[in-house]
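Here are my notes on this one, written as numbered points. Have the structure open while you read.

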Amino acid sequence: MGRNRSDLIVFVGKRLLQLIPVVLGVIVITFFFTHVATQNPCAVWAGAHATADQVQACIVRFGLDRPLTDQFWRYLTTLLSGDWGANPRGGVPVLLSISSAFPATLELVLASLFIMTVLGIPLGVIAANGAGRWADHLVRVFYLSGWATPTYLGAVVLAIAVGPAIGLPTKGDFASTPPFARLTHMSVLDALLALDFPAAGDALLHLILPASALALLNLGIATRMTRTSMLEVLPLDFVKTARMKGLSDFVVLYKHALRNALISTVTILGITAGVLLSGTVVIETIFQWPGIGAYAYDAIKGYNFPGTIAVVIVFAIAVVISNLLSDVLYGILDPRVEWR
Amino acid sequence: MANETRSSLGGDATAERSLRGKVSHLRELLRPFIRVLRANPLTLVGFILVVIISVTAVLVALVPVITQLVLGHPILLTPYDPNGISTDYSQGPSLKHLLGTDKLGLDIFSRVLTALPLDLAIGVGIAGFALLAGGGLGLVAGYWDKPRTIGGAISAVILRVTDVFLAFPSLVLALAIAASLGRGTVPSMLAVLLTWWPYYVRLTRGEVLAVKHRPYVVAARAAGVSEVRILFRHVLRNLIEPLLVYYTLDIGTVIITFSTISFVGIGVPLEVSEWGTMVEAYEQLLLTHPWTVLAPGAAIFITVLAFSLFGDGLRDILDPRSRRTLVQAVAPTTLPGQVAVSAEA
Amino acid sequence: MVEPVLEVQDLSVEYEAGTGTFHALTGVSVRLDPGRVVGIVGETGSGKSTLAHAIPRLLPEPPARIVSGRIAFRGVDVLDLPKWKLPLLRGTGIGMIFQEPINSLNPAYRIFDQVAEAVAVRKLRDAGEAPTLFPAPEPHDYSKGTTVKTGEALLHPIATTLPRRRSRARREALMQDVLDYLKLVRINDPETILDLYPHELSGGMRQRIMIAMALSAKPSLLIADEPTSALDITIQAQVLTLMKELMEEVQTSILFISHDLGIIAEMADEVGVLYAGHLVEFGPVEEVFANPRHPYTKLLLRSVPAQYKEDGPLPALSGSVPSLADVPRGCPFHPRCPLARDACTRDPGPMLEPAKDTSVRTHLSACYYSDEVGRMT
């Protein structure tokens, strides 16, 4: 049987090993694109009022006059030795920034995933159950509207108009810098760990709008997939068997049909992660959420090369791990699958 | 009454070869398409919108060019020059300015209309190039992937490179490339193209793999049909449907990504009308002069929604599984758990 | 006269498909008395599956449409029930087993959970904790009232509750019943299969579990829709033997659907012959098979390759079954019938009425010339 614990460990191990060449490839590509910038980055780093000498000094200091392969080799060796570099403009170490920003994004993405699951999946079930009739059309218009709204537009409207209108905070993760130490850099969690419940409430309120924005705009992914999956499952005989046991419609739909439909739905977890992470770049910037999305935005615009590469590495690892997670979940949900 | 056993080989063949036969044959093919369009009001709405938008875009773009060539001076279809500063500052929508003006007096409606051909062409064109490039690579990677052959080696390389590109969240990669290539329309087009091709590789390869081992393909090969013929008749024909659906939906996504790059500030230059730059420029005016932000926003929304409605409905029309679900009732169907190989979003 | 368990009167069902309207059933009437087995025999496309699914209202309403007719289960008008009451009809009222055992069991849950679920529903209803249409514990005790008053039904929660947690106590309470019913279907050492998934068992085993699940609810009516058609022939024999023995032990009326004449002959007390959505003959099974009074039945019986005859080709019927979208006018069989005459082509076709030239009063045939069938070659 390819389904016991040791099989799972081997499977996960193999996939994590495959992670390494992918990350390497990601580094190569990002390095390539950032270092063939047509603009001289030193012009940006040294500041708007820098003199030609200062720019030249900057070039020498950062080794930008060396051949590309040489620069890459130097970068790679420093990276492997644990030094992820620092922001050329200002000198803040990259690793420091990322280690405090990443958990914040993780919190945001998890909250969005929660909303997507709780809202999106039942909508998919409703749409499939009433396939071709008004419920289906209504759900479709709803999620396609979210899909058709660019992230920046939705975020702007929510942050500038809707948020103030309904009284939800739109900036940052806390109203003011919290007094307790940030252990995990996840706002709600830190507040709970410090037993500061008013702050936890405040953090939760700050979380609502950005997470909702991210979730509602991308709800279609979950809803559409659930609907398709349910449409495949509903005509199958075991659904009829469940009905003929005398179970109510709700139990038949959720306990029997959806349970099997989720097997397919879970496969999109990897894609969803990529889409959500892309979304954080804009959402965090507009809502001033201190995550790596905002960091990526600043790094890309500010030609922070070590920062950009580091952020991209983190994103790539996150996407690969989400894909791995979706495969593992798939194996857990479907008892017929073996981990190979 | 005796049974009529009529051979369809003799008399009908000549009928088919005539023109009338061809036309009615075409109508037969289109009939399910038309029927589902009629049954699915949303898809019909999407289709109509797509047609309207496309025609408008073509007219707005081509009429000035053609009139320039023919008459010597261009005739703009937009009511005002999109870059024409006037004295009607920050006016709300009115009969004179359908969507109002901004603080420089530029007519919003004209700007939105001028941006339409650009954004639409980007969507259709970039997604199209990605489809061709990625699709071609995916075909190679899926079809000629026997290990220890040249084809196998090429396939492996294609797959590894694609995997790496797919590990990037699309927007992040597009932004990074756009930033490095500098500001401008063409660099941002390139950025989106370089970000987009891997998705078609994965999609095409998945479909090719699924079809390659189907019984009818194996049977054709065993019967001695040449590989090229198999490729065109069986494999490509099965590819067209999922690719077409994905492409239609992708047009919207590409437009959004491209406009996001412009929104961030590393896309098209400021003097070019583009929906993303417009939203960014008027962002802070949302509460005071909402029409400035909402007009380009609505333009993107409607365009992407139209293509999404159409593509989403197209998916339902072309997917034989969902078509069957609407008809079958009591016959047992396929085995459960044969999860779709191409489980796309 | 005992009230029949099932009474179908003049049922007509249509399907709206994109390409046309399929008349799956036209004017079908069946009556099933308590404790009896009625077999419905027909080829593919005769509408027998539609009939099986129509009775517990399993047909998906948008493509399918019940045009006319009445279905009465123990006096309750099934077609009149509101949708939310349908679950109350099933399980303890009507049970059903299906054809493909691979598909009929939920692949995601273990055997124990699935069988226990069926048992739990019945126990909740017996204990009065879940609403049911038939509060009488014994299926055939008609002395007590059969229908719950609407008001009473509304007072109970609509959703049938299930074991809320898979707690130890719950599991133990249901365990004995589960084991009993698995043993009932001749599964030795049922403890060994409780934690297995359906895909880990053989087809015959799965079908037995289906039967166990259906019977554990103690239904008054069991509908068997081609239960052995997907099984290997040796397994088929085992399951059929099992069902025959169960018919002695368990007092459930059965509606047995099959395309196999031999199986029907073995299992049923009475048989109805379906052709193109019409019921063309009905009567006691020995009588109908020995003295068919409808041309279709006679030709069908003759075409069964019973022995390896040396004399000439197999006597197959000429032509093919009409598409349900295109059923011939008048008698549906007339294009292929050697006895067909002008009267047979005119609407409406012949109705089911007592066959001519036979002493058995309950033998019905829908043929104007049923007396000539005996002399057909």
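1. Let's start with a term: a residue counts as buried if 20 or more other C-beta atoms lie within 10 Å of its own, as exposed if 12 or fewer do, and as partly exposed in between, with C-beta atoms placed from the backbone. By that count, 45% of the 377 residues in chain C are buried.

2. Keep in mind that this is a predicted model, where local features need pLDDT of at least 70, side-chain atom pairs count only at pLDDT 80 or more, and totals for chains, interfaces and linings use all residues. Residues are numbered from 1 along each chain as its sequence is written, while chains are lettered from A and ligands numbered from 1 in the order in which they are written.

3. Chain C has 12 helices and 12 strands (DSSP runs numbered from the N terminus: H or I of at least four residues for helices, E of at least two for strands). Two residues are in contact if their C-beta atoms, placed from the backbone, lie within 7 Å. Of the chain C contacts with a separation of 6 or more, 69% join residues 24 or more positions apart.

4. Now look at where chain C meets chain A: 28 residues come from chain C and 20 residues from chain A. Helix 4 of chain C gives the most to chain C's side, with three residues.

5. Chain B touches chain A too, with 50 residues from chain B and 58 residues from chain A. Among the elements giving two or more residues to chain B's side are helix 9 (227–264) and helix 11 (290–318) of chain B.
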